[in-house]
Structure formats: C-alpha cells, structure tokens
Amino acid sequence: MRKLSSRHRWGTVGLLVPVALAVTVAVGGSSASGADPTAKPAAGISSLTVANVSSPWPSLGPPPAKWSAAFVVNYMNAIYGELFRRNTNGEVIPGLAQSWDYSKSDRSLIIHLRKNVKFSDGTPFNAEAVRQHLHNSLLPANQCQCLGAFVNVERVTTKGNYDVVLTLKQKDTTLPQQFVSQAPNWVPSPTALKKMGAAAFGQAPVGAGPYKVVSNVASSKLVLKANPLYWDKGKPYIKNLTFVNAATDQTAYADLQAGSVQLVMGMTNPQILAQAKSKFQTEQHKGVVVYMIEFNTDKAPFNNDKARQAVAYATNPQQVLNVVSPGFGAVTQSPVGPGGTMYLAKVPGARTYNLAKAKQIVQKMGGLSFKFSYITTTALYPLGAQALAQQWRAAGIDVKLNPVALATYQQDLLNRSWDSVFTVEGGADPSVGVSSSLPEKYGLVGQQTCCHDITLAKKLHLLGETRDPAKRQARAFDLYHYISAKQYSVPLFSLPTVLVGVKGLNGLDPAPNGSAGKELVPWDTLK
C-alpha cells in the first residue's frame with residue numbers, strides 16, 4: 001500500500017448551503033501564519049471569549065444533524081476534535097487520524113487512528129466508535145449534507161482497534177479532504193450518546209476534542225473548558241473558551257472594543273473593518289469561495305437554458321459587489337475563489353453583462369418569471385438580492401424575492417421546491433468545492449443544487465481521480481468551461497478573509513474552509 005502524505009494539496013470541502021460571509025478575526029502578531037508556536041502563554045490569559053456574527057447553533061450533535069456546518073464548524077472542532085485537519089496552506093494534516101494509506105488501486109482508504117485516545121467522558125476512542133459514526137453519517141435517511149462527498153464509499157469496516165477501512169466504489173483521491181468541516185469528521189462518544197439520547201446530547205455533546213461543554217444556551221452562549229483527557233498533552237493552552245452569538249457586526253465590534261470579547265468571527269462591514277485597522281492587528285487573505293446565483297434545472301423556468309442565459313446577461317456582478325461590499329472583494333467567473341489552487345478569473349466563453357441580449361432573449365421567450373430565494377443571516381444577502389432584482393427587472397424579467405430562514409431554505413433545497421438561489425460555492429480545490437445535484441451513482445445526494453447531468457458528474461469524478469497537478473488543472477479548467485457553457489450558475493464575486501483582533505495571543509494559524517470565508521481556527525494551539 002502507498003502512504004498518503006499529509007502534504008498533498010487536494011482541496012477544500014465545499015459546503016452546499018449559503019452562509020453568512022465570515023471575516024475571521026485573529027489576534028496576536030502581524031501575521032497569523034507567522035505566530036510563534038513555541039511562545040509561552042501570555043501572562044494572565046487563561047480565558048477567551050469569541051463572538052460569532054450570525055452563527056447560530058440550535059444543536060451541536062450528534063452528527064449528522066440538519067444544520068449548516070458552516071455555522072457550527074468551529075464549535076464542533078473544539079468539542080469533538082477532528083479526524084482530519086487542514087493547515088493554513090489548505091493541506092490535510094493528521095488529527096485524531098494519525099495517518100492514512102490508500103491501496104494500490106486507490107479503491108480502499110485505511111485510516112490509522114491515534115492509540116489510547118479517550119473521549120472526554122473517559123470512554124475509548126477506537127475504530128468501532130469511528131466505524132459506527134461513519135455508518136450513521138452515510139445513512140441516506142439521516143440526510144447528511146456530506147452524502148455527495150462520500151458517495152463513492154461502499155462500506156466501512158474495522159481492522160483491529162485502531163484501523164478503519166473505507167472500501168470505495170471507484171477511485172477518489174480527495175476523500176481525506178472531504179472529511180474536513182463535515183459530519184464524518186466529528187465522532188461522538190457512543191456511550192454518552194446512548195445514555196443521553198440524541199436531543200440531550202445535542203445540547204451537551206461529548207467528543208474527543210480539546211474542550212468539553214460546561215453549559216450551553218443554544219445559539220446564544222456556549223461555555224467550554226479544557227478537556228483534561230485531550231490526546232495532545234499540555235493542550236489546549238487556553239483553559240476556558242466561550243462562544244457567543246452576536247446579532248450584528250456593530251454589536252460584535254463594540255464588544256471587541258469594550259474588551260468583553262477578544263476574538264470576533266463573521267464581520268462583513270467594510271467600514272467597520274477600516275476602523276479596526278487603526279486599533280487592531282489586521283491581515284487579509286484571498287477568499288476560496290464565490291458568491292453566486294444557482295438555478296434549479298429540474299423545473300421551469302430554468303430547465304430551459306435560454307432562461308439561464310437571460311439571467312446571466314442581465315446580471316452585472318461588479319454593480320452587485322459595489323452595493324454589498326464597496327471596495328472589497330473581486331468579481332470572478334470561476335466557481336472557486338482566488339485563494340484556491342486552481343483559480344481561473346476569466347473563463348473562456350463566459351457570458352458577461354449585456355442588457356440588450358438579456359431583453360432580446362426574454363422577449364423571444366414571451367417573458368420570464370421566477371422566485372429568487374436567499375437567507376437573511378447577514379445584510380449581504382438581502383442587499384445583494386435587491387440589487388440583482390433591480391438589474392433583472394430592467395431586462396423585463398419578473399422576479400419575486402423570497403427571504404427565508406436558514407431551516408426553511410435547507411428544506412426547500414431538499415424538496416427541490418426552489419427556482420433560483422443566492423448562495424456560495426467553491427473551495428481550495430474544485431473537486432470538493434463545486435456542487436451539483438447529480439444522480440446518486442455519480443455525484444451528490446442529500447442537500448442539492450444545480451442539475452442532473454451525467455457529463456458534469458463524470459467531469460467531477462475525473463478531477464478527483466488523479467493526483468497529477470497538470471492533469472488536474474486541465475480537467476478543472478475544462479470543468480469551469482462546461483459549467484459556464486451550460487450556465488448552471490452565475491458566479492458573482494469572492495470576498496477575502498480578513499484577520500483582525502486584539503493583541504496578546506500566539507499560535508493562531510487559521511486554515512481555509514469552503515464556507516464563505518469561515519476559517520478553521522486550531523483552538524488547541526492558541527496561547
């Protein structure tokens with residue numbers, strides 16, 4: 001068997017739900033990636049309070065659950081730990097999975113777990129616990145958002161106490177990347193889950209991460225303390241970690257200024273970010289996801305490619321960006337952001353704003369009418385939707401804006417009852433960042449967007465089948481061109497992740513995550 005190096009860069013998980021733009025707020029030196037991992041904990045820093053803007057957590061388990069992983073990923077990582085982790089370069093590195101191998105044919109992935117690890121309740125973290133969790137996560141009845149990413153997994157078995165074997169239906173070299181930020185990465189204690197029941201467990205979950213739950217007021221305040229049984233001895237350095245859910249950027253920034261929180265995640269307001277530069281350390285990173293318009297090709301009007309083309313020609317991405325985030329971000333034609341490993345700013349043949357062509361198509365169709373759905377977790381989505389509607393109406397398109405709660409939005413996606421959505425996609429690698437609702441045999445199931453297209457499914461599979469960089473890039477660009485030609489989506493813009501925060505911490509080295517800029521904070525290394 002061939003050793004799978006943790007240094008391979010194969011991409012970032014792409015979540016299939018629209019989420020609030022997140023600006024990770026970091027603390028410490030002028031560069032998050034340059035933090036000194038050997039530095040001693042700053043004097044007096046034993047507690048950290050983190051404010052998340054519009055990042056609710058109605059439940060924290062057991063995975064899988066019907067929530068947006070983009071909102072809860074950092075909470076889950078702190079409590080459950082991670083089988084696979086990602087570093088600041090987007091590379092998968094060991095977590096609770098100490099190493100992993102592929103078979104010669106790439107038809108089996110063998111995960112080697114760390115030995116003698118315990119859940120925070122003292123029960124063993126072993127292969128059977130992981131196997132049972134993966135089995136539950138991949139049951140179609142549980143409607144895990146991860147189903148598409150793991151569609152190639154045929155069965156999960158164990159080999160001894162510390163090896164888990166995933167037998168695959170076909171080659172899939174991206175599987176370790178697929179774990180990050182998705183339900184299979186967060187293993188619950190089987191003993192605690194059986195004892196407490198799913199509902200109670202979701203409010204006080206038990207994992208093998210660096211922290212354990214002290215108290216939880218769902219979507220309001222989550223209080224954690226260091227897990228004394230954590231496998232990486234001496235960590236976490238911060239002994240008390242508290243998360244609060246901030247309603248707005250203004251509220252979060254005011255709390256940061258007042259000192260009631262020391263770290264803020266999820267701010268989107270460019271004016272506030274500009275103010276922060278004069279008082280706090282800041283650093284900016286290119287985004288890996290793209291805000292875009294997607295179409296439900298299963299029903300009218302967008303089962304007609306002319307309708308999709310009309311919307312594309314009627315859309316002016318730069319104007320929308322100027323409305324939602326003036327002077328911030330960049331327009332793109334790519335389904336992955338500029339921080340990705342295979343980014344292509346301009347896709348050959350992509351349709352660009354042309355009001356005359358849009359009007360012409362709409363007139364030939366005898367009119368075009370549809371419902372445009374978006375969530376309201378931040379002002380970005382309503383502002384962007386209103387700007388888009390104004391553009392489309394100028395082309396003679398009749399659009400009905402449909403603001404919905406996150407839970408309603410997710411259910412609409414599952415029911416395929418939507419027309420078009422304002423969403424985000426992408427990641428460091430398109431093989432795990434580009435979504436589409438494809439037949440189960442070839443592609444995504446569960447929460448679905450886009451189209452039933454066997455050709456697209458095969459192109460996605462070919463991209464994940466090889467590790468050769470040149471072949472992968474050529475296949476990625478071909479994929480972008482195909483999606484653009486079919487007009488399955490209209491990419492708009494990508495926004496950077498900005499790191500801002502108070503001084504006094506070391507060891508913050510955030511990794512990119514395919515969920516609208518939300519980065520993965522390694523809570524156990526903060527000092």
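Modeller: Start with helix 8 and helix 10, which are roughly antiparallel to each other.

Biologist: What makes helix 8 and helix 10 roughly antiparallel?

Modeller: The axes of helix 8 (residues 305–313) and helix 10 (residues 355–365) cross at roughly 150° and come within 8 Å. Axes are lines fitted to C-alpha atoms, for helices over the stretch in contact, with angles from 0 to 180 degrees between N-to-C directions. Over 145 degrees counts as roughly antiparallel, under 35 as roughly parallel, 65 to 115 as roughly perpendicular and the rest as oblique. Helix 8 and helix 10 are therefore roughly antiparallel.

Biologist: Which residues of helix 8 and helix 10 make the contact?

Modeller: Helix 8 gives Lys306, Ala307, Gln309, Ala310 and Tyr313. Helix 10 gives Leu355, Lys357, Ala358, Ile361, Val362 and Met365. Contact means heavy atoms within 4.5 Å. The contact residues divide into eight nonpolar, one polar and two charged.

Biologist: Is this model predicted or experimental, and how is it numbered?

Modeller: It is a predicted model: local features need pLDDT of at least 70, side-chain atom pairs count only at pLDDT 80 or more, and totals for chains, interfaces and linings use all residues. Residues are numbered from 1 along each chain as its sequence is written, and side-chain values use heavy atoms, leaving out hydrogens and water.

Biologist: Why is strand 5 called largely enclosed?

Modeller: Five of the six residues of strand 5 (residues 97–102) are buried, so strand 5 is largely enclosed by the rest of the structure. Buried means under 20% relative accessible area, exposed over 50%, and partly exposed in between (1.4 Å probe, protein chains only). In the protein, buried residues make up 60% of the 527 residues.

Biologist: How many bridges join strand 5 to strand 6?

Modeller: Five bridges join strand 5 to strand 6 (residues 108–113), and the two run antiparallel. Two strands pair if DSSP finds at least two bridges between them. Ala97 stands opposite Leu113 in strand 6. Five residues lie between the strands of this hairpin, where Asp106 takes a positive phi near 65°.

Biologist: What makes strand 9 and strand 12 edge strands?

Modeller: Strand 9 (211–217) and strand 12 (263–265) each pair on one side only. Their open sheet has five strands, in the order 9-10-11-2-12, with mixed pairing. Six bridges join strand 9 to strand 10 (residues 221–226), and these run antiparallel. There, Asn216 stands opposite Leu222.

Methods:
Helices (H or I, at least four residues) and strands (E, at least two) are DSSP runs, numbered from the N terminus. Ala, Val, Leu, Ile, Met, Phe, Trp, Tyr, Cys and Pro count as nonpolar, Asp, Glu, Lys and Arg as charged, and the others, Gly among them, as polar.
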